[in-house]
Amino acid sequence: MKKIISLLSLLILCAGLNVQAQSQESTYDPHKAFNPQFMADGGNLFRSADGTPGSHYWQNEADYAIEAELDTAASTLSGNVTITYTNNSPNELKQLWLQLVQNSNRADSKARAVYSGRVGEESGENGFHLHKVRIKLNGEWREADYVVSGTRLQIRMPEVLKANGADIQVAIDYDYELPKSGRGSYMDTDNGAIYEVSYWYPRMCVYDDLRGWNTLPFLGAGEFYLDYGTIDYKVTLPEGMLMAGSGELMNPEQTLTETQQKRLEKARNSEEAVMIRKKEELDQPATAKGKNGKLTWHYRMEQTRDVAWAASEAFMWDAAIAKYESGNKTLAMSYYPPESAGEEAWGRATNYLKRSLEIFSDHWFEYPYPVAVSVGGPTGGMEYPGITFDSWKAKGYTLFLLVAHEIGHNWYPMVVGSSERLNAWMDEGFNTFIDIYAHEEYNNGEYAPKRDGEYAPDGGNPAEEIVPFITQEDALPIMSKADAINREYYHPLQYFKPAFGLVLLREVVLGPEKFDYAFRQYTHDWAYKHPSPKDFFRSINNYSGESLNWFWRGWFINNWQLDQAVTEVGYKDGNPENGATITLKNMKKMPMPVLLKVTLADGSTQNYKLPVEIWQQDETYIFHPQTSQKIDKVVLDADHQLPDVDRANNSWNANK
């Protein structure tokens, strides 16, 4: 009996069978992978079937006029905001909804319940106190009928806001205690406190053609979805505090010293960083003289969805010009305390910012704002239109990573305005993807390849590092609600996996030329608009000319896995001169193109790329390489570009 088994084993070896692959059952279903009913509903007048905004696409507009004052002694901000909200929709609105993000700090907030397991304990930070809420209808101001529900405010209208361009004004007087930690907070330094202020005024929720009012509460992970408009804001600070804000400073003559104004003007024409406030000048006045010990800073930003700002007596300040292929320019600036200074740290921050702006602009979409700012302070890394908050401790690779990633969010989602609350991967994943190539390009790859907590965190091959994550039994698909994802899986799922998916499309499936064109066109089409995942999928399909529904279904909508196998190598009539056949098998649900390396008896190699369409009919595919020699070796994905979950069945060797 033993002799029979040995003989059978020898015959199998000679025939070139891969025993492991043959013994496993494939779970691949070609109909599910290539189901033609995917996105079969077509487009409409608002969103076209080709992924572009439709002929009747609309979105509402929110313009803000804000006046606020920072009380550093009490650590509070008081303000009043007047919102002009324009209803461009075809529907009459019976209600308005606003976001009150600071209310997530309340003791009874859903955010505290979800992420800390606590409800009812005093947090010391009580969210927005609303002193007055008014609306202006038909030229008359009146007290609003409103209800606060956690991080949301509902205004119940006495009469409808008419459709197709009618507007209404909402005025709110408020104050709140500044949070001590989080995305916007404050910290002490030897030269004064640094304040980073965000989500500092009530903001309109989005009303769109997809869901009507987008009123999901802010819980912490799912970020924001906002309409565009002009934001004009004035902030009163103690004299001596420098302020860095989103948009342009409208009153430099009233706020800056003459020396700073001259240096700022010099920076507007310099590609090298110009120091506007030096370390040795920290004991000198940082600002112009104010009234009663106070100064009011006036900023304005157009076509934006939000603004944020920072202020401190401790700021050093430098700036340089970023230049684009079009000839346009942006003033790139960094504010940071002396503890962060040095060429290994924030001394290079403005150069990191300048080059990131140039790289992203020249590849994808030109940065649209005249100013970009990085602030070194207590926040680890957070993005806002035109300004980012990055850790004051960061140096070297980490600082470049933070500056590039956070300013990169000005493309996704600040310009391409997807809903972060619902689809965090459309900003975090897209931004991580463009960062990968920025790392390669910056200073001839000084910080390449990108390997960090956002992408391949163990420093290895992304195609291999993604496998342990996607093979976990409880791994969710990319298209999962942000706040429904366990924190330890958030970065792998919303940053790493979608970014690597785009790399697969660019490097393996489509090629750089096709992909870059499609991704660039998507960005231009949806600039200052609200794309959905389906709009993105359709856009890339149409601009690339390829049906990628199998990819969207397997990699984004489901957590399907890839396992390609070589199961047999043989020859026609047993004679290599008559030609060879290589039998391939798709073992799991995810199809992908096949990258095949064949080594012949004379030592030469042949490389083949087989299109994904070979898997449309069956789990098995028989390939005929161009040879009349014996084959010594066959390897699938020799360069490990694909996320194959079982590489044990990826090769066949005639000598084994």
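Select Tyr412. This residue is buried, at 0% relative accessibility. Keep in mind that you are looking at a predicted model. Show both rings. Their centres are 5.8 Å apart and their planes stand at 85 degrees, so this is an edge-to-face pair. Tyr412 sits in helix H9 (residues 410-415) and Phe430 in helix H10, so follow the chain between them: the pair links distant parts of it, 18 residues apart.

Stay on Tyr412 and step to Pro413. What kind of peptide bond joins Tyr412 and Pro413? It is cis, with omega at about 20 degrees. Pro413 belongs to helix H9.

**Helices H8 and H10**

Select residues 396-408 for H8 and 425-441 for H10. Two packed helices are described by the angle between their axes and the distance between the axes. Here the axes come within 9 Å and cross at roughly 130 degrees. That makes H8 oblique to H10. The crossing is right-handed.

Next, show the side chains at the contact. From H8, pick Tyr397, Phe400, Leu401, Ala404, His405 and Gly408. They meet Glu428, Asn431, Thr432, Ile434, Asp435, Ala438 and His439 of H10. Colour by residue class: the contact holds six nonpolar, five polar and two charged residues.

**Beyond H10**

Asn443 is not a glycine, yet its phi is positive, about 45 degrees. Is Asn443 buried, partly exposed or exposed? At 45% relative accessibility, Asn443 counts as partly exposed.

Pro449 is in the loop between H10 and helix H11 (462-470) too. Select Ala448 with Pro449: a cis peptide bond joins them, with omega of about -5 degrees.

For another positive phi, jump to Asn292, at about 55 degrees and again not a glycine. Asn292 lies in the loop between strand E17 (274-277) and strand E18 (294-304). With 72% relative accessibility, Asn292 counts as exposed.

**Back to the aromatics**

The structure holds 64 aromatic pairs. Select one of them, Tyr64 with Tyr201: edge-to-face, 5.3 Å centre to centre, 70 degrees between the planes. Tyr64 is in strand E1 (residues 61-71), while Tyr201 is in the loop between strand E10 (194-197) and strand E11 (203-204), so the pair ties together parts 137 residues apart in sequence. Check the surface next. Tyr64 counts as buried at 5% relative accessibility. Tyr201 is buried too, with a relative accessible area of 1%.

Go to Leu96, in strand E3 (residues 93-99). Leu96 counts as buried, at 0% relative accessibility. Which residues touch Leu96, leaving aside neighbours within four places in sequence? They are Tyr85, Leu153, Gln154, Ile155, Met157, Leu161, Ile168, Val170, Met204 and Trp213. For a sense of span, draw a line from the C-alpha of Leu96 to that of Gly240: 40 Å, for residues 144 apart along the chain.

Last stop: Thr151, in the loop between strand E6 (145-149) and strand E7 (152-161). Thr151 is buried, with a relative accessible area of 7%. Again leaving aside neighbours within four places, show its contacts: Leu98, Gln99, Leu100, Val101, Asn103, Ser104, Pro217 and Phe218.

Technical notes
Residues are numbered from 1 along each chain as its sequence is written. This is a predicted model: local features need pLDDT of at least 70, side-chain atom pairs count only at pLDDT 80 or more; totals for chains, interfaces and linings use all residues. Side-chain values use heavy atoms; hydrogens and water are left out. Axes are lines fitted to C-alpha atoms, for helices over the stretch in contact, and angles run from 0 to 180 degrees between N-to-C directions. Helices (H or I, at least four residues) and strands (E, at least two) are DSSP runs, numbered from the N terminus. Angles under 35 degrees count as roughly parallel, over 145 as roughly antiparallel, 65 to 115 as roughly perpendicular and the rest as oblique. A crossing is left-handed if the near helix is turned anticlockwise from the far one by less than a right angle, and right-handed if clockwise. Contact means heavy atoms within 4.5 Å. Ala, Val, Leu, Ile, Met, Phe, Trp, Tyr, Cys and Pro count as nonpolar, Asp, Glu, Lys and Arg as charged, and the others, Gly among them, as polar. Rings of Phe, Tyr and Trp (its six-membered ring) pair if their centres lie within 6.5 Å; planes under 30 degrees apart count as stacked, over 60 as edge-to-face and the rest as tilted. Buried means under 20% relative accessible area, exposed over 50%, partly exposed in between (1.4 Å probe, protein chains only).
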